[in-house]
Amino acid sequence: MRIAIHDTPGSFSSKWIAYCQEKNIDYGLVNCYDSDIMEQMKSFDVLLWHHQQSHPTDYFMAKKLLEALEFCGKLVFPNHNTGWHFDDKVAQKYLFEGLDIATPQNHVFYDLKTLRKFAKTCSYPIVWKLKGGSGSRNVKLVRSESELISIGKRMFGSGIREYDAIDGIKEAVRRYKLGKKKPIDILKAIVHLVYPVKYERMSGKAWGYVYLQEFIPNNDSDYRVIVIKDKAFAIKRYTRPNDFRASGSGYIEYQKENFDDELLRTSFAIADKVKTQCVAFDFVYKNEKPLLVEMSYGYRKEGYYDCEGYWDSNLNWYPGTFNPYEWIIEDLKVAFLNQNKNT
């Protein structure tokens with residue numbers, strides 16, 4: 001099995017490369033943006049590409065290339081089941097409902113008339129989200145009918161920016177106070193008041209839909225569980241001060257005691273239903289039951305280095321350090337062997 005890796009700073013690729021070198025696995029680096037990438041891939045069996053929604057070129061073409069390669073018989077990460085719903089909360093709404101997965105109530109509207117009717121009877125506050133975004137970007141708490149209709153008029157009118165510049169400035173200042181940003185980062189955030197970020201220039205404004213999710217009160221945190229086949233690890237993320245959003249807050253706990261058996265069993269059960277290679281689930285609790293808010297195949301690896309161990313699907317605990325990026329490659333090796341048995 002020969003592996004192609006698209007090397008992107010900050011992605012999984014550095015871990016994949018190190019593992020291939022350590023284990024003498026045949027691999028090569030490719031640039032997935034090359035026009036002749038399909039020709040290059042004829043000498044490889046597998047492509048690993050941790051593409052990201054904030055990268056403008058990834059946003060435009062990553063799923064298209066991966067789908068084409070998989071259709072042509074190549075093994076890829078992420079594959080179709082893993083990546084088709086990535087960064088698309090509306091797609092996930094339909095999937096969760098179709099598979100009877102327990103989530104907060106989700107609603108999507110495609111015209112202002114229907115939204116107006118819903119706005120008169122729904123319970124407030126309610127969470128409004130754009131379909132894409134990470135780290136709590138594009139997520140707001142709507143507290144009144146008039147506020148919701150105002151959002152609807154924009155979404156069915158001129159549209160709304162994919163990047164909230166005001167929120168970006170606030171977040172840059174908050175993370176600067178935590179020692180995680182520099183003054184230049186605040187200046188860059190201010191510039192984006194008038195100058196769109198790169199992926200925003202590629203995608204254009206959000207328009208033509210309104211996606212809403214039930215607000216679950218009395219949660220000072222959420223739980224992220226990452227499942228890769230029969231293994232899982234997890235973190236607990238606390239909300240920002242005076243905010244309901246936990247994703248991207250930087251306030252994280254790793255202790256095993258934070259994660260109950262029901263949360264883990266639920267995570268493995270859902271992963272089995274959605275049939276992904278790797279999936280990060282975000283949960284909140286309602287009446288002591290975990291509800292799935294959304295999911296993603298990718299994550300920032302630095303946030304998980306302090307995990308104390310991992311579980312297998314029988315909820316056995318394995319303390320100590322581990323390498324989930326190795327698991328991805330090893331699972332692909334099994335898939336490759338099975339693929340060749342059937343040809």
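Helix α3 bends by about 40 degrees at A62, the bend being the angle between axes fitted to the seven residues ending there and the seven starting there. α3 covers residues 56-71; helices (H or I, at least four residues) and strands (E, at least two) are DSSP runs, numbered from the N terminus. Its 16 residues reach 24 Å from first C-alpha to last, close to the 22 Å expected at 1.5 Å a residue, where the expected span is 1.5 Å times one less than the number of residues.

The buried residues of α3 include A62, L65, L66 and L69 (buried: under 20% relative accessible area, 1.4 Å probe, protein chains only). Their cover includes α2 (37-40), β3 (46-48), β4 (75-77) and α10 (198-203). Just after α3, G73 takes a positive phi of about 100 degrees.

β3 and β4 belong to an open sheet of four strands, ordered β2-β1-β3-β4 with parallel pairing; two strands pair if DSSP finds at least two bridges between them. β2 (27-30) and β4 stand at the edges with a single partner strand each, so one side of each has no neighbour in the sheet. Three bridges join β3 to β4, and L47 has V76 in β4 as its bridge partner.

Helix α12 (residues 324-341) packs on the sheet, touching β1, β3 and β4 (contact: heavy atoms within 4.5 Å).

Residues are numbered from 1 along each chain as its sequence is written, and side-chain values use heavy atoms, without hydrogens and water. In this predicted model, local features need pLDDT of at least 70 and side-chain atom pairs count only at pLDDT 80 or more, while totals for chains, interfaces and linings use all residues.

How values were computed. Buried < 20%, exposed > 50% of the residue type's maximum accessible area, 1.4 Å probe, protein only. Axes fitted to C-alpha atoms, helices over the stretch in contact; angles between N-to-C directions.
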